[in-house]
Amino acid sequence: MTQTNHIGKAPNRVDGPLKVAGTAHYSGEFNVPHLAYGYVVSSPIAKGKVVAIHADEVRALPGVLEVFSHENVPYLAWFDKSYKDQIAPGGSPFRPLHSPDITFNQQPVALVVADTFELARYAAALLRIDYEQEDHETNLETKRTEGYAPGGGKTGFQAPPPPRGNPDKALKNATHSIEAEYAHGAQHHNPMELFTTTVEWRGDGKITAYDKTQGVYNVKNYLMGVFGLGKDEVRVVNQFMGGGFGAGLRPQYSVFMAVLATLELKRSVRVTLTRQQMFSIGHRPNTLQLLKMGTNPDGTLASLQHHALHETSQFEDYTENIVNWSGMLYQCENVKLGYQLAKLDIYSPQDMRAPGAASGNVGLEVAMDEMAYAAGLDPLEFRLRNYADRDQNVDKPFSSKKLRECYKQAAAKFGWETRTQKPRSMRANGKLRGMGMGGGVWDATQTKSAAKALISADGKLTVRSATGENGTGTYTIMTQIAAETLGLPLEAVTFELGDTDQPEAPIQGGSWTAASVGTAVKNACDALGEKILKLAQKPADSPLKDAKYDEVEFVNGQLRLRLDHDQAVVLRDVLQASGETQLEADSSALPNMLKQQGYSMHSHNVAFAEVEVDEDLGTIKVTRVVSAVAAGRILNQKTARSQVLGSVVWGLGMALMEETVMDHKFGRYVNHNFAEYHIPVNADIPHIDVIFVHEDDDIVNPLGVKGIGEVGMLGVTAAIANAVFHATGKRVRDLPIMLDKLL
Amino acid sequence: MSQLLTRAPASGGLPAPVPTGPVRLHINGETQTLQLAPWTSLLDALREYAHLTGTKKGCDHGQCGACTVLVNGRRINSCLTLAVMHEDDDITTIEGLGTPDNLSPLQQAFVDHDAFQCGYCTPGQICSAQGLLNEGRAHSEAEIKELMSGNLCRCGAYVGILDAVSEVANSQGEMVK
Amino acid sequence: MYPFTYSRATDVADAVRDKAGHDGSAYVGGGTNLIDLMKMNVEQPAHLVNVAKLPLAKIEDLPNGGLRLGATATNSDTAWNEQVKARYPLLNQAILAGASPQLRNAATNGGNLMQRTRCYYFYDLATPCNKREPGSGCSAIGGFNRIHAILGASEACIATHPSDMCVALAALAPTVRVSGPQGERSIAFEDFHRLPGDHPEFDNTLAEGELITSLDLPEKGFAKHFAYLKLRDRHSYAFALVSVAVGLEMDGDTITDARLALGGVAHKPWRDHSAEALLKGQHATAETFGRVAAHVVANAVGQGSNDFKIELARRAIVRALKQAAEGKQEAGDVYLGGQ
């Protein structure tokens with residue numbers, strides 16, 4: 001019996017007890033001595049200039065330490081590149097407190113620092129600022145003809161591939177065709193934790209920033225660039241992040257503000273944004289999509305055309321991959337994809353869970369539903385007829401793709417066969433019932449990561465890598481990988497993360513953490529394992545004498561020959577006999593380009609949703625969702641399931657309620673709070689079944705994992721929108737589908 | 001178009017901050033005296049003055065439930081009440097329900113059902129669930145869902161939260177439907 | 001938040017005296033709306049008088065057969081009071097449809113009446129608002145007004161009163177008892193809240209310094225035939241787009257008495273006497289309900305993003321009347337939608 005095979009099981013989160021007991025410390029929860037509090041003042045206008053800041057009035061209040069603004073910020077880095085973080089898009093990054101120019105509403109224009117939070121908040125309210133207002137434009141509708149194709153710039157962005165075949169001719173000759181426009185407004189990440197930074201002044205120009213971020217190294221490098229700090233002068237820590245969803249990929253102005261104040265005041269400072277200010281730090285952009293499709297007589301796709309236009313700021317070309325997925329999810333010889341941006345007087349959008357894909361997927365998968373109906377086909381059957389066995393965008397086979405199996409298992413679990421095709425043909429509980437489906441694709445990536453492993457003489461293993469934990473289960477899966485690699489129980493392993501004193505790991509996002517950091521952790525543990533093997537082989541009578549590393553395995557606290565389990569040594573005995581108090585090994589991991597170059601590597605999913613619609617009142621209740629995901633190997637069934645459950649909730653929110661509304665007169669978001677920007681509550685969420693379809697894939701990475709943070713969100717929104725159509729016969733193409741759209 | 005937007009200065013000069021005074025709070029069975037001004041919310045008193053950071057700030061406006069604590073056994077949002085208003089009350093925070101080494105039944109159920117991801121809303125969810133059990137009004141899954149809807153979870157752990165609360169409610173004989 | 005001094009009142013007279021002795025002061029009960037607004041710098045009281053612990057938390061029978069709801073009883077305690085559940089189930093359901101359990105545990109009955117109207121712009125100091133700054137203009141008119149009024153609005157203000165509890169109260173028509181520097185008086189519930197007119201800065205008709213001490217419900221509770229129907233943008237913990245409170249008395253299928261009030265549609269809980277008159281003596285049929293619903297919204301005016309509310313209200317009234325006539329909604333410990 002092997003007790004140390006942890007990968008693929010469902011252990012509880014190792015950090016669970018800390019989280020449920022309230023003892024996990026988030027970035028605003030480090031009680032450093034002599035702490036001052038900063039409160040950000042935000043612009044009430046969208047465009048113009050700060051003419052005067054009457055700071056002296058509030059500086060005079062006892063307990064107010066300073067008012068920082070463009071008028072008094074010290075010399076900071078001058079060149080754009082100093083402000084560019086690892087995933088900055090093209091353009092000039094926003095520089096807080098840099099100039100009197102206002103380029104978006106809620107732009108931070110000052111920071112008030114005081115002895116207490118309450119006083120800083122009050123002083124911020126008192127601070128009089130004179131503005132000169134200029135005309136602004138925040139409405140994407142006015143820019144329909146002013147879209148432009150962005151250049152490169154942002155890591156991970158790929159311009160759409162050139163057209164293939166003859167999409168226009170094929171559309172013209174198609175047996176059936178559709179053309180429709182889809183839209184959704186801005187959406188905000190709204191993690192539960194407010195953006196907060198506690199900067200500890202360590203004296204002598206040295207600081208530690210406890211920052212809410214998905215990438216401690218990204219923040220550290222940014223701070224070094226902007227403030228001219230040396231490597232040893234700034235340490236960035238984030239051991240627990242109260243949700244990110246992309247909001248913490250780039251350094252936010254909260255960390256800039258807190259560091260600025262700390263360096264200037266030589267005193268520890270905490271800056272916490274308000275929930276209202278959380279609507280000024282990036283968002284999923286307002287997007288318009290035009291889809292054209294046509295089918296051949298046999299129900300295969302003759303032509304597929306997908307064009308997207310979304311907003312960006314005046315200063316950056318924020319990009320995301322919206323349309324590319326449409327060229328690879330289905331087999332089609334004639335494809336045209338287009339992607340454009342339009343500049344508005346808003347803050348730059350920011351990657352938000354399944355960036356690009358979540359948006360494009362709604363267009364593609366609702367259009368597929370419309371096309372299926374136009375062609376007289378069951379939506380699932382239509383997708384099966386257009387199943388892609390190759391990624392036609394790059395003309396390569398998939399390293400693995402079990403989407404067909406996802407369709408099969410999820411449809412069976414859902415009971416898709418009970419569905420009648422005709423809209424308005426199903427009823428239940430006095431309401432119209434609808435069933436819909438949608439699926440998606442997300443890329444499986446691995447990026448460079450490093451890790452360090454240390455084992456003490458008593459057999460306790462510690463592994464470190466500066467990755468993040470924002471709810472994805474990083475502590476747990478890394479503990480599982482490390483423990484399994486060295487044959488230890490989970491309790492004997494501690495994984496530490498989120499500290500720039502640790503080996504570098506990439507920003508946590510894009511669903512690449514498990515693959516990237518997981519591989520680095522495994523490599524570091526293997527490097528340590530090789531050292532242990534050498535120690536084990538020292539005694540003349542070692543049963544492992546002459547064994548190579550790949551001929552041994554670590555299991556149940558022992559090191560033994562793979563082919564002869566009786567030839568074994570106890571790990572702790574080896575360590576104790578060695579006389580060493582601690583062994584350590586560093587390693588890093590890179591994707592195996594040679595192995596991967598011939599393949600397209602992606603995860604896939606499908607979601608089936610059932611809704612009940614009260615036809616008189618327009619109310620929609622999602623009654624069931626089944627989601628099936630094929631994402632290589634699942635490291636932890638429990639935490640992975642939670643990620644997919646959460647993704648379904650996100651998909652439901654996007655379908656039915658999430659929208660940040662801009663009042664174009666003011667160029668300002670009006671529902672910038674949790675009372676009127678609705679995210680789903682418990683009562684909105686139905687029973688959800690999650691199915692993982694296992695894929696063996698040794699091409700993506702040695703662990704065989706593809707990541708699941710994003711893929712689970714795809715398909716869900718479209719499935720619900722399609723279910724609403726099936727229930728009501730009404731096709732709503734502008735999200736969210738609120739009750740008034742069904743009246 | 002050019003328009004000046006200027007906030008009118010407060011009449012009669014700037015109102016001066018009100019001095020602090022001792023405020024006695026009974027938190028998790030212990031009495032603490034904190035130096036607070038009236039404008040300190042119970043939430044900020046807990047987090048910034050008593051250094052009990054298990055109670056979370058998610059919106060500061062009663063719109064998310066992350067700050068839920070129990071006052072005399074009843075769940076409330078600690079962000080929308082002032083610390084000075086609670087001198088005679090028994091305040092229980094997440095730290096008072098259990099510790100990592102000695103979890104309460106609800107805390108353990110949350111771990112077992114993976115009823116959270118990032119963990120930030122979790123203390124509020126658990127205090128809210130404890131309040132729900134104290135109230136004894138939820139007797140079905142639909143009722144638990146409704147009565148747990150004052151706590152947002154952006155990670156979307158609602159299925160796990162329902163399962164965790166149901167399990168404990170069941171074990172206490174609360175579920176009848 | 002602006003600074004303020006604080007005191008805790010020991011009895012009603014003490015509270016009234018204390019408030020009168022401080023310029024720019026306010027009573028605070030549960031604080032769930034006032035403190036919210038203070039954090040937004042919308043309300044800037046210089047002094048708070050805590051009335052939450054005054055001996056006004058009782059719910060007790062009145063000699064005239066009615067029920068007295070103490071002003072400082074919490075919304076939760078009121079909803080779950082056995083008398084309320086048995087005799088005024090409409091109130092029970094309306095309270096439980098509002099806010100969240102945590103807010104209902106803190107919010108008091110008096111405070112529920114005192115909550116300010118809800119409007120994005122009222123809460124946002126970056127935008128003009130006649131309610132906040134009389135004469136500055138209404139940003140909601142011509143702006144985003146999904147949650148705004150379709151009935152009784154003015155050119156100065158189109159905000160809506162956000163309470164659910166008060167919609168049921170509008171139908172049940174209690175008397176609001178108040179104490180103030182000039183002594184005690186009673187206000188008919190209907191006269192308590194006001195329409196915006198030219199003075200949207202005033203949400204109610206209380207005189208300076210007056211404190212609500214109780215809500216006195218009349219005997220008639222419509223316990224057999226009632227409905228509270230709330231429609232919103234998610235299934236819980238959201239303000240009503242439209243809500244409907246209905247109380248009927250029936251003789252067979254003939255309606256002998258009726259109450260009808262709407263929430264989410266006006267600056268105050270919207271009771272429609274003429275609609276009630278139209279219902280009296282009629283058979284409880286779809287035709288009757290449709291006619292009455294059309295009557296209620298006949299003078300409704302949309303503002304753009306809330307145009308849908310007119311049709312939604314019409315349909316919701318029909319549904320709520322039907323539910324009330326069927327008498328299937330029950331008082332409970334939880335509100336599960338009433339749909």
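Student: In what order do the five strands of the open sheet in chain A run, and is the pairing parallel, antiparallel or mixed?

Tutor: The model is predicted. In chain A the open sheet has the strand order 19-20-28-29-32, and its pairing is mixed. Strand 19 (427-428) and strand 32 (687-692) of chain A are the edge strands, each pairing on one side only. Within the sheet, strand 20 (residues 431-443) of chain A is antiparallel to strand 28 (residues 602-613) of chain A, and twelve bridges join this pair. One position in that pairing is A:M437, whose bridge partner in strand 28 of chain A is A:F608. A helix also packs on the sheet: helix 16 (residues 716-728) of chain A touches strand 20, strand 28 and strand 29 (620-630) of chain A. The direction of helix 16 makes about 155 degrees with that of strand 20 of chain A.

Helix 11 (residues 286-296) and helix 12 (residues 308-326) of chain C pack at about 140 degrees, and their axes are 8 Å apart. Helix 11 of chain C is therefore oblique to helix 12 of chain C. The crossing of these two helices of chain C is right-handed. Helix 11 of chain C contributes residues including C:F289, C:G290 and C:V292 to the contact, while helix 12 of chain C contributes, among them, C:R314, C:I317 and C:K322. By class, nine residues of this contact are nonpolar, one is polar and two are charged.

Definitions and conventions: Residues are numbered from 1 along each chain as its sequence is written. Chains are lettered from A and ligands numbered from 1 in the order in which they are written. This is a predicted model: local features need pLDDT of at least 70, side-chain atom pairs count only at pLDDT 80 or more; totals for chains, interfaces and linings use all residues. Side-chain values use heavy atoms; hydrogens and water are left out. Two strands pair if DSSP finds at least two bridges between them. Helices (H or I, at least four residues) and strands (E, at least two) are DSSP runs, numbered from the N terminus. Contact means heavy atoms within 4.5 Å. Axes are lines fitted to C-alpha atoms, for helices over the stretch in contact, and angles run from 0 to 180 degrees between N-to-C directions. Angles under 35 degrees count as roughly parallel, over 145 as roughly antiparallel, 65 to 115 as roughly perpendicular and the rest as oblique. A crossing is left-handed if the near helix is turned anticlockwise from the far one by less than a right angle, and right-handed if clockwise. Ala, Val, Leu, Ile, Met, Phe, Trp, Tyr, Cys and Pro count as nonpolar, Asp, Glu, Lys and Arg as charged, and the others, Gly among them, as polar.
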